[in-house]
Amino acid sequence: MTSAPGTGGKLARRGVPLIDGIEKVTGRARYTADLDHADALVGRILRSPISHGDILSLDVSKARALDGVVAVVTGDDCSHTYGVLPIAMNEYPLARGRVRYRGEPIAAVAAIDEVTAERALGLIELKVKQLPAYYTSEAARAPDAVLLHDDKPGNIERDVHHQFGDVAQGFAAADLVREELFNCAEVNHAQIEPHASLSEFDPATGRLTVQTVSQVGYYLHLMLAECLEMDTSRIRVIKPFIGGGFGARVEALNFEIVTALLAKAAAGKVMMRLTREETFLTHRARPQTDIKLKLGMTKDGRMTACECQVVQRGGAYAGYGIITILYAGALLHGLYDIPAVKYEGSRVYANLPPCGAMRGHGSVDMRHAFECLVDRMTHELGLDPFAVRRANLLRAPTRTMNDLVVNSYGLAECLDKVERASGWRERLGKLPPGKGLGMACSHYVSGAAKPIHRTGEPHAVVNLKLDFDGGVTALTGAAEIGQGSSTMVAIAVAETLDISLERVRVIAADTAVTPKDNGAYSSRITFMVGNAAIDAAKRLKSVLTAAAARKLEARPEDVECLGEVFRVGGGDQSCLSFADVVAAALVDEGAITVKGTFTCPPEFHGGKHRGGAVGSTMGFSYAAQVVEVSVDDATGLITVDKVWVALDCGHAINPLAVEGQIQGSVWMGMGQAMCEETRYLDGLPAHASLLEYRMPTIMDSPPIETDIVESHDPYGPFGAKEASEGALAGFPPALVNAIANAIGISLNELPVTPDRVMDALIQRRRQARLAGSLKAVS
């Protein structure tokens, strides 16, 4: 495989606003709920009122008979399961036989208006035999617990047992061994746009068109064909503007399939707009996680061994669960040089909405526990946190023990930058009472090296079309969800062709028009689609250069392209404008279409052990950050004063967007660390609105000083890697470490809310009084 092209040009150096930004800031952008649905029926879902039970009867006859109701569907209308992983599809769009969480869809109606649809739901008669419900991993794993799925003994979706190196020998070689327990709450993506889907079935042609909020149009397309028993050629999936994803929409979701079922049953158009509460129920969030972590360290800060047990409460269905529990163990590797690692993970079913992928998928909770324990051991040994991280750096290129490939590694520079910027050496231990500094490191993949569906097709395809108007149209299936992927594609094409960015138009994510793409997940688009876009642009450039050579009566290899001007190099010969060359290229050919592809080579596909493909990637991003906090010991209130963060993204194709992605990931990490928590009361979300679900606002957001490190990955597009997830996992531990520096208390539960801080302070005071009393007695 050849190295990545170039290092980027003038566009990549100055940064450009996102090409869809004007529509968004002017209000012209049309999201799914904004689409024309004046002639559409209204779709509504009847949801389970209990958390676990067998459906004894479901009578929809009265709802069907109601004037204005056009269609009613139940589990009887879809006998196929769906899901994102071919080996883990155990969920029906509408429950069949049993409900497994409160709010699970049971039936749905399509009616002429909202009032009629709601009345119809009220006429549906449901009888359920209630079963014991389990809301914790511990309860679900009890020996006498009723199984949620008959083929999953112990309510375990997946157990993972991996060991690399001699862990016992590693602990024996350590000067200090410590073990602690950590608990991380379930958190929600809380994207600003509620779920919505618009489906239209044309009975005359037998075709279905779906416009929806999905990040994975290709996977949704497959699931629609399966569940509706339709040929894939009869289905079209279009992605409108999306108001945030963060992993909430990286698998086909029940309401999307239900809306399509209704449209087919009604032989028409159906709009389904979920409420915010329903969006919380259809969440696929980061699972609640319990971690038991044991580390060994020498007196000079070298890590000798790691042993970890992770239990994730995954909810009622599989979803991405297998991947999540594997990621938690796989990404113990790839950041530091650890000679021995043992990982045991369990993904547990519970009677709650299914969890799934969320920004930093699988890595965040595990990295939080690891960085917290490393810091505590560092201080116990009297060492500096930066020095300990430096003592355990990898040396690229290398392969980790679990066979992850590291080709570029800018963590050392990230550490240098945040240490200097924060004044760590000068300020640590010298801040006023209640103020503290903490640091942590993190990393993430640039797309999974193996696709979910292993069809043998390229990982990414981009088509370019050039016609009489001189505009270059890039066609990509990659889902633009606000992360700037379409802008990245435009820059890659413009840079490679050396043309104005204004000449490039990007059409994305329409399965009838654009080539298939696996979707927006695992930060794959920049690395994979970016490489495919460059490949396509190179092929188009060859076509144009050949046309220019014919016109100039020169050899193609002697023709230079300099900013939309073609000439023979090394002389004062005549030049051709871009328009002239396009006209020449179209002679006898007409519109030109070229294709670029990208495929990860087999050597990057991960180890041969079970689950070894998870975590494999062609490039890791790396991040280091320092957090400064103030803690009020009278109220437990934590204020983040400032954050310094450096991210190695290989190469910043668009520095403006990279900076925004770094800040966004830090901000999201701050939410998980300080306030976000999905709690349930008898299986019902306790705060299923953005008024009740506590997230940081702009009033809470500290100054975030970003630094971009460019290690120039040899395989990335222009040397680039991912930039939107790598920094997230470092914020929670950096915050907790800063709190420990400020008030001397180490906290093991996320989020670190004021009440939890106060509980810890009160406990310390009680212990101090008890110690004083015992001393007085003695």
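Predicted model: local features only at pLDDT ≥ 70, side-chain atom pairs only at ≥ 80, totals over all residues.
## Nonpolar cores

The largest nonpolar core has 118 residues. Those that touch the most other members are L293, F370, L411, V629, F731, L735 and I739. In soluble globular proteins, nonpolar side chains tend to be buried together.

Another core, of 62 residues, lies apart from the largest one. Its members include I242, L464, I491 and V568.

Leaving aside neighbours within four places in sequence, L293 is in contact with R178, E179, E180, C306, E307, C308, M366, A369, F370 and L373.

## Helices 11 and 19

Helix 11 covers residues 364–380 and helix 19 covers residues 731–743. The two pack at an angle of about 30 degrees, and their axes are 8 Å apart. The crossing of helix 11 with helix 19 is right-handed.

On the side of helix 11, the contact is made by R367, H368, E371, C372, D375 and R376. Helix 19 contributes P732, P733, V736 and N737. By class, this contact of helix 11 with helix 19 has four nonpolar, two polar and four charged residues. An α-helix has 3.6 residues a turn, so residues three or four places apart point the same way.

## Helices 15 and 16

Helix 15 (residues 485–497) packs against helix 16 at an angle of about 30 degrees, with the axes 8 Å apart. Helix 15 passes helix 16 in a right-handed crossing.

From helix 15, the residues in the contact are S485, M488, V489, A492, V493, T496 and L497. They meet I525, T526, V529, G530, A533, I534, A537, K538, L540 and K541 of helix 16. The residues of this contact of helix 15 with helix 16 divide into 11 nonpolar, four polar and two charged.

Helix 17 spans residues 578–586, and its buried residues are F578, V581, V582, A584, A585 and L586.

Just after helix 17, D588 takes a positive phi of about 65 degrees.

Three strands form an open sheet in the order 4-2-6, with antiparallel pairing. Strand 4 (98–99) and strand 6 (125–130) are the edge strands, each pairing on one side only.

Strand 2 (residues 53–59) pairs with strand 4 in the antiparallel sense over two bridges. The bridge partner of G53 in strand 4 is V99.

Methods
Residues numbered from 1 in each chain as written. Heavy atoms only, no water. Buried < 20%, exposed > 50% of the residue type's maximum accessible area, 1.4 Å probe, protein only. Helix = DSSP H or I, 4+ residues; strand = E, 2+ residues; numbered from the N terminus. Pairing = 2+ DSSP bridges. Core = buried A, V, L, I, M, F, W, Y, C linked by side-chain atoms within 4.5 Å. Contact = heavy atoms within 4.5 Å. Axes fitted to C-alpha atoms, helices over the stretch in contact; angles between N-to-C directions. Left-handed = near helix turned anticlockwise from the far one by under 90°. Nonpolar A, V, L, I, M, F, W, Y, C, P; charged D, E, K, R; others polar.
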